[in-house]
Amino acid sequence: MMGNEIIIGKDLLRDQRTLAEANRSRLDQYKVKMIDIMGSVGTGKTSLIQRLVSRLKKDYRIVVINGDLATTIDQERVRACGVDAFQINTGRGCHLDADMLRGVLEQINLEQTDLILVENVGNLICPVDFPLGAHRRLLVISVTEGPYVAKKHPAIFMEMEFVAINKIDLATVMDVDVNGLQQDILAIRANTRVFPVSCREQRGLNELATALLEES
Ligand code: MG
Ligand code: ZN
(Lines give C-alpha, C1' and ligand atoms only; values in the text may rest on other atoms or scores of the structure.)
(Ligands and ions follow the chains in the order given, each with its own letter.)
Protein backbone atom coordinates (compact mmCIF):
# COMPACT_ATOMS: atom_id res chain seq x y z
CA MET A 1 0.00 0.00 0.00
CA MET A 2 2.75 2.48 0.87
CA GLY A 3 5.61 3.60 -1.34
CA ASN A 4 3.69 3.83 -4.58
CA GLU A 5 4.98 7.30 -5.28
CA ILE A 6 5.78 8.08 -8.88
CA ILE A 7 8.10 10.82 -10.03
CA ILE A 8 7.58 11.99 -13.60
CA GLY A 9 10.60 13.82 -14.95
CA LYS A 10 10.28 14.04 -18.69
CA ASP A 11 7.61 14.53 -21.27
CA LEU A 12 7.01 11.55 -23.46
CA LEU A 13 6.36 12.68 -26.99
CA ARG A 14 3.42 10.48 -27.73
CA ASP A 15 -0.06 11.27 -28.85
CA GLN A 16 -2.00 12.12 -25.71
CA ARG A 17 -5.33 11.37 -27.24
CA THR A 18 -4.34 7.89 -28.34
CA LEU A 19 -2.95 7.19 -24.89
CA ALA A 20 -6.15 8.48 -23.29
CA GLU A 21 -8.22 6.18 -25.50
CA ALA A 22 -6.02 3.25 -24.50
CA ASN A 23 -6.58 4.10 -20.81
CA ARG A 24 -10.31 4.26 -21.41
CA SER A 25 -10.43 0.86 -23.11
CA ARG A 26 -8.45 -0.66 -20.27
CA LEU A 27 -10.88 0.81 -17.73
CA ASP A 28 -13.90 -0.32 -19.75
CA GLN A 29 -12.48 -3.81 -20.01
CA TYR A 30 -12.64 -4.01 -16.19
CA LYS A 31 -15.86 -1.95 -15.91
CA VAL A 32 -14.08 0.73 -13.90
CA LYS A 33 -15.44 4.28 -14.02
CA MET A 34 -12.91 7.12 -13.81
CA ILE A 35 -13.58 10.77 -12.97
CA ASP A 36 -10.98 13.49 -13.62
CA ILE A 37 -11.31 16.27 -11.03
CA MET A 38 -9.77 19.62 -11.96
CA GLY A 39 -9.57 23.07 -10.42
CA SER A 40 -7.20 25.72 -9.08
CA VAL A 41 -5.06 25.35 -5.98
CA GLY A 42 -7.16 25.79 -2.85
CA THR A 43 -10.65 25.34 -4.28
CA GLY A 44 -11.20 22.17 -2.26
CA LYS A 45 -10.55 19.30 -4.68
CA THR A 46 -9.15 17.05 -1.96
CA SER A 47 -11.88 17.98 0.52
CA LEU A 48 -14.50 17.23 -2.11
CA ILE A 49 -12.88 13.87 -2.85
CA GLN A 50 -12.94 13.05 0.86
CA ARG A 51 -16.65 13.88 1.00
CA LEU A 52 -17.40 11.84 -2.15
CA VAL A 53 -15.41 8.88 -0.82
CA SER A 54 -17.30 8.87 2.47
CA ARG A 55 -20.62 8.86 0.58
CA LEU A 56 -19.69 6.30 -2.08
CA LYS A 57 -17.33 3.82 -0.44
CA LYS A 58 -20.08 1.56 0.86
CA ASP A 59 -21.31 0.97 -2.71
CA TYR A 60 -18.12 1.26 -4.77
CA ARG A 61 -14.57 -0.01 -4.40
CA ILE A 62 -12.73 3.30 -4.80
CA VAL A 63 -9.12 4.17 -5.59
CA VAL A 64 -7.92 7.78 -5.64
CA ILE A 65 -5.02 9.13 -7.72
CA ASN A 66 -3.61 12.43 -6.46
CA GLY A 67 -1.59 14.66 -8.75
CA ASP A 68 0.59 17.24 -7.04
CA LEU A 69 3.85 19.04 -7.74
CA ALA A 70 5.78 17.86 -4.72
CA THR A 71 3.91 16.59 -1.68
CA THR A 72 1.96 13.54 -0.53
CA ILE A 73 -0.36 15.60 1.71
CA ASP A 74 -3.46 14.88 -0.40
CA GLN A 75 -2.68 11.16 -0.66
CA GLU A 76 -2.44 10.96 3.13
CA ARG A 77 -5.70 12.88 3.58
CA VAL A 78 -7.49 10.47 1.24
CA ARG A 79 -5.99 7.36 2.85
CA ALA A 80 -7.32 8.62 6.17
CA CYS A 81 -10.80 8.10 4.65
CA GLY A 82 -10.08 4.40 4.33
CA VAL A 83 -9.42 3.99 0.61
CA ASP A 84 -6.17 3.43 -1.24
CA ALA A 85 -4.52 6.42 -2.91
CA PHE A 86 -1.68 6.72 -5.39
CA GLN A 87 0.41 9.85 -5.65
CA ILE A 88 1.81 11.25 -8.89
CA ASN A 89 4.37 13.99 -8.25
CA THR A 90 4.85 16.03 -11.40
CA GLY A 91 7.77 18.18 -10.23
CA ARG A 92 7.33 21.28 -12.38
CA GLY A 93 4.57 19.71 -14.48
CA CYS A 94 1.36 21.69 -14.22
CA HIS A 95 -1.06 18.92 -15.27
CA LEU A 96 -1.43 15.15 -15.34
CA ASP A 97 -1.32 13.40 -18.69
CA ALA A 98 -2.52 10.11 -20.10
CA ASP A 99 0.90 8.49 -19.98
CA MET A 100 1.29 9.24 -16.26
CA LEU A 101 -2.14 7.71 -15.74
CA ARG A 102 -1.24 4.63 -17.74
CA GLY A 103 1.68 4.06 -15.35
CA VAL A 104 -0.55 4.23 -12.29
CA LEU A 105 -3.33 2.13 -13.81
CA GLU A 106 -0.77 -0.66 -14.21
CA GLN A 107 -0.28 -0.67 -10.44
CA ILE A 108 -3.97 -0.75 -9.54
CA ASN A 109 -5.84 -4.01 -9.25
CA LEU A 110 -8.61 -3.03 -11.65
CA GLU A 111 -10.48 -6.25 -11.08
CA GLN A 112 -11.00 -5.16 -7.48
CA THR A 113 -11.93 -1.56 -8.36
CA ASP A 114 -15.22 0.10 -9.38
CA LEU A 115 -14.36 3.77 -9.31
CA ILE A 116 -11.20 5.85 -9.71
CA LEU A 117 -11.21 9.50 -8.65
CA VAL A 118 -8.31 11.49 -10.10
CA GLU A 119 -7.26 14.73 -8.47
CA ASN A 120 -5.51 16.68 -11.20
CA VAL A 121 -2.75 19.20 -10.46
CA GLY A 122 -4.16 22.47 -9.06
CA ASN A 123 -4.45 24.54 -12.21
CA LEU A 124 -7.39 26.06 -14.07
CA ILE A 125 -5.73 26.35 -17.47
CA CYS A 126 -4.01 23.44 -19.15
CA PRO A 127 -5.39 20.19 -17.59
CA VAL A 128 -8.39 20.50 -19.90
CA ASP A 129 -6.11 19.97 -22.92
CA PHE A 130 -4.75 16.68 -21.59
CA PRO A 131 -7.44 14.01 -21.60
CA LEU A 132 -6.63 11.10 -19.28
CA GLY A 133 -9.26 8.69 -20.54
CA ALA A 134 -11.75 9.55 -17.80
CA HIS A 135 -15.48 8.95 -18.30
CA ARG A 136 -16.35 12.22 -16.61
CA ARG A 137 -14.61 15.49 -15.90
CA LEU A 138 -15.52 17.60 -12.90
CA LEU A 139 -14.27 21.12 -12.35
CA VAL A 140 -14.15 22.40 -8.77
CA ILE A 141 -14.25 26.16 -8.43
CA SER A 142 -14.73 28.17 -5.26
CA VAL A 143 -16.36 31.46 -4.32
CA THR A 144 -12.95 32.41 -2.89
CA GLU A 145 -11.74 32.76 -6.49
CA GLY A 146 -14.01 35.79 -6.85
CA PRO A 147 -17.00 36.48 -9.10
CA TYR A 148 -15.25 36.38 -12.50
CA VAL A 149 -13.66 32.93 -12.52
CA ALA A 150 -15.91 31.53 -15.26
CA LYS A 151 -15.80 34.60 -17.50
CA LYS A 152 -12.01 34.68 -17.29
CA HIS A 153 -11.45 30.99 -18.08
CA PRO A 154 -13.97 30.10 -20.79
CA ALA A 155 -11.80 27.38 -22.37
CA ILE A 156 -12.04 24.96 -19.45
CA PHE A 157 -15.72 25.71 -18.79
CA MET A 158 -16.47 24.96 -22.44
CA GLU A 159 -15.40 21.33 -21.86
CA MET A 160 -16.94 20.62 -18.46
CA GLU A 161 -20.00 18.46 -18.07
CA PHE A 162 -19.89 18.95 -14.28
CA VAL A 163 -18.91 22.00 -12.24
CA ALA A 164 -19.00 22.20 -8.44
CA ILE A 165 -19.05 25.68 -6.91
CA ASN A 166 -17.46 25.02 -3.53
CA LYS A 167 -17.34 27.03 -0.29
CA ILE A 168 -20.81 28.51 -0.80
CA ASP A 169 -20.86 28.99 2.99
CA LEU A 170 -18.36 31.83 2.34
CA ALA A 171 -20.31 33.48 -0.51
CA THR A 172 -21.55 36.40 1.58
CA VAL A 173 -18.13 37.09 3.09
CA MET A 174 -16.55 36.93 -0.36
CA ASP A 175 -19.32 39.08 -1.84
CA VAL A 176 -19.88 36.53 -4.60
CA ASP A 177 -23.34 35.89 -6.01
CA VAL A 178 -23.52 32.10 -6.50
CA ASN A 179 -26.51 32.39 -8.87
CA GLY A 180 -24.63 34.92 -10.99
CA LEU A 181 -21.63 32.59 -11.16
CA GLN A 182 -23.95 29.78 -12.18
CA GLN A 183 -25.40 31.96 -14.98
CA ASP A 184 -21.88 32.74 -16.24
CA ILE A 185 -21.10 29.02 -16.39
CA LEU A 186 -24.31 28.23 -18.27
CA ALA A 187 -23.68 31.13 -20.69
CA ILE A 188 -20.45 29.40 -21.71
CA ARG A 189 -21.94 25.90 -21.94
CA ALA A 190 -25.70 25.65 -21.60
CA ASN A 191 -25.94 22.01 -20.55
CA THR A 192 -23.29 22.05 -17.82
CA ARG A 193 -24.54 20.51 -14.60
CA VAL A 194 -23.66 22.98 -11.85
CA PHE A 195 -23.66 21.96 -8.18
CA PRO A 196 -23.27 24.62 -5.49
CA VAL A 197 -21.66 22.80 -2.54
CA SER A 198 -20.02 23.36 0.80
CA CYS A 199 -17.60 20.66 1.88
CA ARG A 200 -17.29 22.33 5.28
CA GLU A 201 -21.04 22.43 5.95
CA GLN A 202 -21.73 19.27 3.91
CA ARG A 203 -24.26 20.90 1.56
CA GLY A 204 -25.10 19.77 -1.97
CA LEU A 205 -22.77 16.77 -1.80
CA ASN A 206 -25.31 13.94 -2.03
CA GLU A 207 -26.77 15.45 -5.22
CA LEU A 208 -23.32 15.77 -6.77
CA ALA A 209 -22.27 12.24 -5.78
CA THR A 210 -25.47 10.80 -7.28
CA ALA A 211 -25.16 12.77 -10.53
CA LEU A 212 -21.52 11.78 -11.05
CA LEU A 213 -22.37 8.08 -10.85
CA GLU A 214 -25.46 8.17 -13.05
CA GLU A 215 -25.17 6.09 -16.20
CA SER A 216 -24.53 8.33 -19.18
MG1 MG B 1 -5.55 18.89 -3.22
ZN1 ZN C 1 0.04 22.12 -17.63
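Let's begin with contacts, meaning heavy atoms within 4.5 Å. Among contacts in the protein chain between residues at least 6 apart in sequence, 74% join residues at least 24 apart.

A word on the model. It is predicted, so local features need pLDDT of at least 70 and side-chain atom pairs pLDDT 80 or more, while totals for chains, interfaces and linings use all residues. Residues are numbered from 1 along each chain as written, chains are lettered from A and ligands numbered from 1 in written order, and side-chain values use heavy atoms, without hydrogens and water.

Now the overall shape. The radius of gyration, taken over C-alpha atoms, is 16 Å. A compact globule of 216 residues would have a value near 17 Å, so the two agree. That rule is 2.2 Å times the number of residues to the power 0.38. The C-alpha atoms fill a box of roughly 45 × 40 × 35 Å along the principal axes.

How many of the 216 residues count as buried? The share is 53%. Buried means under 20% relative accessible area, with a 1.4 Å probe and protein chains only.

Last, burial at the site. Thr46 counts as buried, at 5% relative accessibility. Asp74 is buried too, at 11%.

Technical notes:
Buried means under 20% relative accessible area, exposed over 50%, partly exposed in between (1.4 Å probe, protein chains only).
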